[in-house]
Amino acid sequence: MGPFLFLRAAAAAALPLALLLSLSVLPATALPWRAEAIPDPTKDPVGCGRPAGSKSWICDPDHLLSPAGADAVELALQDIHTNVTRKCGDTHQGYEVAVGIVQRMDTEEQNIPDATKRFAQRLHNRWGVGSSECDNGVVMFLSVGDRWAYISTGKGARETLSDSAAEDVISEMRPLLRSGNLDKAVLVGVKSIRAHLRRGFLHWLLHGFFASVWMVLTDPFPPICAVVAGVALGLFCVEVRDRSQRARFRRRLT
């Protein structure tokens, strides 16, 4: 089992942030893949190793994840899209996170990190992860036999899943990848992405709260709706803070 190396590559113009990580080597039992041959999980779940008729954001054509592991990751991806949203214009849209996993890439490039980057960007574009209005997509791509992974974020998602936050995601996955626990590594990565995106959502709520307070302080006749919204947001943020403190206290006791 080789050492885990970490490398960050510069993002290409109009393309997501790239983070690269070498992975532990597994036996090469499957044919290598070109990005153009990887199915779209939303259109061909069976080709991606998922049940027929399912709505999926996972493509694992080499069946590297166990069925139970893939199901757990799928639930985590659906939870992000349903419960973690971002304001786009006059509406809120859920973030879209997709996972692609292959045993090995079919590439003639000698520079595997660059090949991984381009491979993942092609998947991101072909699958259409993230809305065109919000650019709120995230793609986690792993080429296990090549020992490299790539995490990319659309411009909108990058406002909350920052550069340093993506590094944190990789750091949480690294020990599990070293030990060969791919199921748990991917699930931990997806849940970590959710946590960072969620923190960005709470930041937006706090911004809305302080904006409401500013309206109250600067307008001698503030609309009653601004007052109510400010109070509601303030109570919500206090509750979130208290829950977080209680959770940390519980963790210290266990």
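1. Leaving aside neighbours within four places in sequence, which residues is Phe141 in contact with? Contact means heavy atoms within 4.5 Å. The list is Gly100, Val102, Met105, Thr116, Phe119, Ala120, Leu123, Trp148, Ala149 and Tyr150.

2. Some ground rules. This is a predicted model, where local features need pLDDT of at least 70, side-chain atom pairs count only at pLDDT 80 or more, and totals for chains, interfaces and linings use all residues. Residues are numbered from 1 along each chain as its sequence is written, and side-chain values use heavy atoms, with hydrogens and water left out.

3. Phe119 and Phe141 form a stacked aromatic pair, 4.7 Å centre to centre with 15 degrees between the planes. Rings of Phe, Tyr and Trp (its six-membered ring) pair if their centres lie within 6.5 Å, and planes under 30 degrees apart count as stacked. Phe119 sits in helix H2 and Phe141 in strand E7, 22 residues apart. Both are buried (under 20% relative accessible area, 1.4 Å probe, protein chains only).

4. The largest nonpolar core has 53 residues. Such a core is a set of buried Ala, Val, Leu, Ile, Met, Phe, Trp, Tyr and Cys residues joined through side-chain atoms within 4.5 Å. Met140, Phe141, Leu142, Val186 and Val190 touch the most other members. H5 gives the largest share, seven residues.

5. Strands E4 (residues 85–88) and E5 (residues 91–94) run antiparallel, joined by four bridges. Pairing needs at least two DSSP bridges. Helices (H or I, at least four residues) and strands (E, at least two) are DSSP runs, numbered from the N terminus. Cys88 has Thr91 as its bridge partner in E5. Two residues lie between the strands of this hairpin, and Gly89 in the turn has a positive phi of about 65 degrees.

Notes
Buried means under 20% relative accessible area, exposed over 50%, partly exposed in between (1.4 Å probe, protein chains only). Rings of Phe, Tyr and Trp (its six-membered ring) pair if their centres lie within 6.5 Å; planes under 30 degrees apart count as stacked, over 60 as edge-to-face and the rest as tilted.
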